[in-house]
There are 2 protein chains.
Amino acid sequence: VPSLDDLADCFSGRLLTAAEDMAPFLTDWRDLWRGSALAVVQPDSADDVASVVRWCAARGIAIVPQGGNTGMSGGATPEPGANAIILSLARMNRIRTIDGIDNVIVVDAGCILHTVQQAAEDAGRFFPLSLGAEGSCTIGGNLATNAGGTGVLRYGSARDLCLGMEVVTAQGLLWDGLRRLRKDSSGYDLRDLFIGSEGTLGIITGAVMRLYPSPAARATALVAVPSIEAALELFDAVRNRLDTALTAFEFLSENCLSLVLDHRPDLRRPIQQPSPWYLLVELSDLQTADGIRDVLESLLATAFEQDLIVDAAIAETVAQARDFWAIREGIAEAQGRVGKTIKHDIAVPVSRVPAFLSEADAAIGARWPDVRFVTFGHLGDGNIHYNFSPPDGGDQQAFLAQQQPINQVVHDIVVRHGGTISAEHGLGQLRNREIARYKSPIEIELMRQVKQALDPQGLMNPGKLLP
Amino acid sequence: VPSLDDLADCFSGRLLTAAEDMAPFLTDWRDLWRGSALAVVQPDSADDVASVVRWCAARGIAIVPQGGNTGMSGGATPEPGANAIILSLARMNRIRTIDGIDNVIVVDAGCILHTVQQAAEDAGRFFPLSLGAEGSCTIGGNLATNAGGTGVLRYGSARDLCLGMEVVTAQGLLWDGLRRLRKDSSGYDLRDLFIGSEGTLGIITGAVMRLYPSPAARATALVAVPSIEAALELFDAVRNRLDTALTAFEFLSENCLSLVLDHRPDLRRPIQQPSPWYLLVELSDLQTADGIRDVLESLLATAFEQDLIVDAAIAETVAQARDFWAIREGIAEAQGRVGKTIKHDIAVPVSRVPAFLSEADAAIGARWPDVRFVTFGHLGDGNIHYNFSPPDGGDQQAFLAQQQPINQVVHDIVVRHGGTISAEHGLGQLRNREIARYKSPIEIELMRQVKQALDPQGLMNPGKLLP
């Protein structure tokens with residue numbers, strides 16, 4: 001065990017070694033993984049990060065970067081028995097600059113996502129990255145996993161929102177790539193290489209993120225559709241008529257709706273007649289509210305005439321729109337209350353959603369006839385939350401024991417339809433071995449070559465992302 | 001000299017070795033660079049490309065990929081005396097698939113850009129990449145240089161339009177990364193690594209490109225502004241009110257306007273009173289023409305009251321809008337007619353355009369008091385065509401001899417303002433040595449590590465991009 005004395009001198013009060021101090025950093029928030037570390041170090045600046053990395057590199061000690069520790073794939077939890085330092089970016093939480101002309105915000109990697117959203121709003125702008133953990137996840141983690149969320153249909157993923165970044169390399173050198181350019185064609189795209197690399201190539205310490213004009217008005221509807229095919233036809237029509245004014249096109253099954261209503265007596269069924277599928281459609285407009293609501297009404301009237309929809313409720317008030325969203329966003333919690341869950345973080349090409357669902361539903365139904373389907377997601381970007389709950393009164397542990405075979409059946413079908421087994425959570429230590437089944441040996445080899453080139457000692461977040 | 005016999009057997013009729021056959025491939029279209037090659041090979045498929053690469057790799061022969069040979073930086077021209085094969089992708093020009101639901105077009109790398117635009121239009125969609133060479137440049141070249149053009153403000157560069165790609169690696173292996181996913185977080189972003197790598201890491205053989213709904217209507221105005229500062233203030237107001245409906249915000253100086261009018265008697269001065277700067281503002285709408293024109297009128301009326309603009313002409317007809325664009329697009333040709341030109345392919349953050357111009361104008365004016373400024377560009381994305389012509393009756397060769405020192409003065413100021421010396425043309429062999437002056441040693445070293453990892457033999461387009 002190397003002596004931590006010189007590190008403790010430099011990071012006095014910012015180096016945790018006591019078991020009780022380290023404990024929250026050694027497990028993920030769901031307590032699915034646990035690891036060990038020599039210490040947790042809490043740098044205040046990119047230069048601090050660089051000295052930690054150099055210290056570790058000189059001693060062959062691994063580094064596990066950690067932001068808000070809200071990851072779903074164990075990417076920020078060290079391996080058990082690891083000879084590792086956890087590098088927490090939580091203290092690096094300054095908004096460095098905000099510029100309304102360039103429409104950018106420059107932030108430390110440890111900034112909480114919600115803080116960034118708020119800073120943008122205070123400056124009269126909109127930062128569109130939005131996801132469940134936004135109150136505690138950090139921009140650095142969002143970039144390291146290429147996070148998605150609800151704004152992807154209109155604004156893209158974390159990758160699409162990043163113009164430049166600052167990174168400490170595996171050698172402990174600081175690369176200042178904090179550009180705010182809309183056009184640049186001057187060499188390899190290192191920025192996008194670090195985005196989504198889950199801390200395995202270097203440590204993101206700062207970023208230039210894009211801002212957008214704030215929408216002035218939104219119009220929201222909950223729509224009952226007879227089938228996923230009809231939903232997709234409606235999506236195609238709306239998207240091609242409205243382009244960027246269409247800001248959400250979510251879907252959920254009747255199963256999901258009743259699950260939420262069972263657990264949320266404060267919410268009412270917006271459409272009385274049950275339907276196999278519902279859509280949550282949202283339009284946004286920079287101008288006035290009336291225009292966009294009229295457009296939504298007319299779209300839905302046409303869709304009704306074409307038998308694409310069976311009924312629709314347009315939110316009359318902001319509170320009603322919030323209730324529609326509460327249904328959509330209440331599914332995960334409602335599902336959690338009825339027992340254990342088996343989840344997938346998958347995406348397929350939008351056109352393949354119906355084929356994927358019919359094939360996967362049949363395959364799962366044939367082998368596990370009792371599981372309950374809890375299917376919902378972002379139809380507009382092909383990201384499906386293809387989840388399962390145990391049968392009523394069923395054995396929870398027996399159900400959970402099926403997780404791995406269910407994952408494999410689902411993922412085999414996903415990949416056959418040109419999809420991905422990780423849409424927005426990253427591979428971490430959850431799916432890093434599995435990926436070898438789904439990516440070609442050539443792609444795995446290219447990834448290994450990049451890893452070997454930038455981190456030849458293999459000290460950056462070992463055991464994550466790569467098989 | 002290795003024997004080409006076995007290659008000739010495989011590529012019968014598609015292997016050029018006679019000097020007169022090879023000549024057009026050995027120089028760029030402006031005849032600024034000339035190189036040499038053992039042969040030009042014309043594969044029909046990605047598998048063909050892979051076998052050429054393997055053949056070259058086994059013999060230590062370099063490979064120079066070439067698309068439409070329309071590059072501005074010599075990236076597709078081999079080095080003089082090179083032991084190289086030119087790999088022309090021109091025969092690989094199939095549209096593989098087009099899908100209106102996924103809104104993608106899957107193409108061979110050798111597809112002409114205009115062919116892709118046309119195929120999208122035939123399918124009722126819009127492919128927004130648009131640039132001067134679109135009649136002969138190829139998608140593969142557009143991706144290899146991360147091409148920009150006039151659609152960047154709204155739709156982004158070639159990088160932003162690409163969802164997936166197919167690449168032959170330096171080892172001659174075929175990587176099928178032809179994904180059409182909006183969300184994917186499953187490993188390193190190899191796609192973006194190959195985009196902009198100018199053929200130095202592998203050869204792009206196919207790509208999945210994004211399509212968009214076709215705008216139904218456009219409104220176009222030529223606007224006289226008193227200063228660049230006022231132009232920027234107007235840009236900020238319009239962009240924040242209209243977001244994606246603002247599809248062009250170009251600027252040009254009075255110098256540019258008179259230059260074009262001198263050489264184009266068919267065009268008339270749209271605004272009688274001369275002004276230091278003009279803007280070409282275009283709004284697009286998916287709905288009707290009336291709405292968008294009213295919006296433009298009201299915006300300009302407000303801007304007039306705020307003294308941001310001195311006059312404006314709104315195009316009454318499609319022909320008039322075309323004439324406005326003809327002025328903007330006629331500058332390069334008009335400048336060519338008055339003599340030699342010194343050009344730059346630069347971009348700065350949008351907010352820095354006024355500061356850059358005032359500093360650079362002063363620096364150039366002080367040292368070269370006689371040169372004529374021909375300044376125009378895409379104000380909305382910070383990409384400035386900062387060009388010079390010789391003084392009236394001045395010595396052309398003496399003027400051209402100042403190219404290198406003028407470049408350096410301009411580029412030093414560009415980089416001090418956080419800009420790039422290549423916005424959309426790539427580094428090629430024009431700016432690959434110069435980049436060492438402007439990028440940090442750490443960034444150059446990261447680029448070298450990537451190059452060494454993916455192309456350890458150094459056979460992929462040597463002498464390009466890297467210093």
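**Note on the predicted two-chain model**

1. Leu465(B) lies in the segment of chain B that follows α17. Its phi angle is near 65 degrees, a positive value in a residue other than glycine, and Leu465(B) is buried, with a relative accessible area of 0%.

2. Asp31(A), which is not a glycine, has phi near 60 degrees, and it sits in the loop between α2 (19-22) and β2 (39-41) of chain A. With a relative accessibility of 39%, Asp31(A) counts as partly exposed, whereas Leu465(B) is buried.

3. On the relation between the copies, chain B is superposed on chain A by a rotation of 180 degrees with 0.0 Å of shift along the axis, at an RMSD of 0.0 Å. That is the relation of a two-fold axis. The same surface serves both copies, in that 100% of the contact residues of chain B recur in chain A. The residue of chain B that comes closest to the rotation axis is Ala453(B), whose C-alpha atom is at 2.8 Å.

4. The interface may be described first by its extent. In chain B, 81 residues are in contact with 81 residues of chain A, and the area buried between the two chains is about 6600 Å², of which carbon and sulfur atoms give 55%. On the side of chain B, Lys183(B), Ser185(B) and Tyr188(B) lose the most area to chain A, and together they account for 15% of what that side buries.

5. As to polar interactions across the interface, 45 residue pairs are in polar contact between chain B and chain A, with both residues of each pair at pLDDT 80 or more. The elements that give two or more residues to the side of chain B that touches chain A are α6 (152-155), β9 (174-177), α7 (190-194), β11 (212-213), α8 and α17 (441-454) of chain B. Of these, α17(B) gives the most to that side, with 9 residues.

6. The count of salt bridges between chain B and chain A is 12. One salt bridge joins Arg179(A) to Glu443(B), with the closest N and O atoms 2.4 Å apart. In another, the side chains of Arg154(A) and Asp243(B) meet at 2.7 Å, N to O. This pair crosses between chains, from Arg154(A) in helix α6 (residues 152-155) of chain A to Asp243(B) in the loop between α8 (228-242) and β13 (246-253) of chain B. Both partners fall under the 20% limit for a buried residue: Arg154(A) counts as buried at 14% relative accessibility, and Asp243(B) counts as buried at 15%.

7. A network of salt bridges links Arg159(A), Asp189(A), Arg191(A), Asp192(A), Arg159(B), Asp189(B), Arg191(B) and Asp192(B). Over all chains, a search of the whole structure finds 66 salt bridges.

8. Two salt bridges within single chains deserve a separate entry. Arg14(A) forms one with Asp48(A), the closest N and O atoms being 2.8 Å apart. Arg14(A) lies in the loop between α1 (5-10) and β1 (15-16) of chain A, and Asp48(A) in helix α3 (residues 46-59) of chain A, so this pair ties together parts that are 34 residues apart in sequence. Both Arg14(A) and Asp48(A) are buried. In chain B, Arg96(B) forms a salt bridge with Asp108(B), with the closest N and O atoms 2.7 Å apart. Because Arg96(B) lies in strand β5 (residues 95-99) and Asp108(B) in strand β6 (residues 104-108) of chain B, the pair ties together parts that are 12 residues apart in sequence. Here Arg96(B) is partly exposed, with a relative accessible area of 26%, while Asp108(B) is buried, with a relative accessible area of 1%.

9. Helix α11 of chain B (residues 318-329) has 12 residues and, at 1.5 Å a residue, should span 16 Å; its end C-alpha atoms are 16 Å apart, which agrees. The buried residues of α11(B) are Ala321(B), Phe324(B), Trp325(B), Ala326(B), Ile327(B) and Arg328(B).

10. Finally, Leu252(A) has its place in strand β13 (residues 246-253) of chain A and counts as buried at 1% relative accessibility. Leaving aside residues up to four places away in sequence, Leu252(A) touches Leu257(A), Pro276(A), Trp277(A), Tyr278(A), Ile327(A), Ile331(A), Thr375(A) and Phe376(A).

Note on methods
Residues are numbered from 1 along each chain as its sequence is written. Chains are lettered from A and ligands numbered from 1 in the order in which they are written. This is a predicted model: local features need pLDDT of at least 70, side-chain atom pairs count only at pLDDT 80 or more; totals for chains, interfaces and linings use all residues. Side-chain values use heavy atoms; hydrogens and water are left out. Helices (H or I, at least four residues) and strands (E, at least two) are DSSP runs, numbered from the N terminus. The expected span of a helix is 1.5 Å times one less than its number of residues. Buried means under 20% relative accessible area, exposed over 50%, partly exposed in between (1.4 Å probe, protein chains only). Copies are superposed by least squares on the C-alpha atoms of residues with pLDDT of at least 70 in both. Contact means heavy atoms within 4.5 Å. A salt bridge is a side-chain nitrogen of Lys or Arg within 4 Å of a carboxyl oxygen of Asp or Glu. Buried area is the accessible area (1.4 Å probe) that two parts lose on being put together, summed over both. A polar contact is a pair of N or O atoms within 3.5 Å; within protein, one must be able to donate a hydrogen and the other to accept it, and residues adjacent in sequence count only if both atoms are side-chain atoms.
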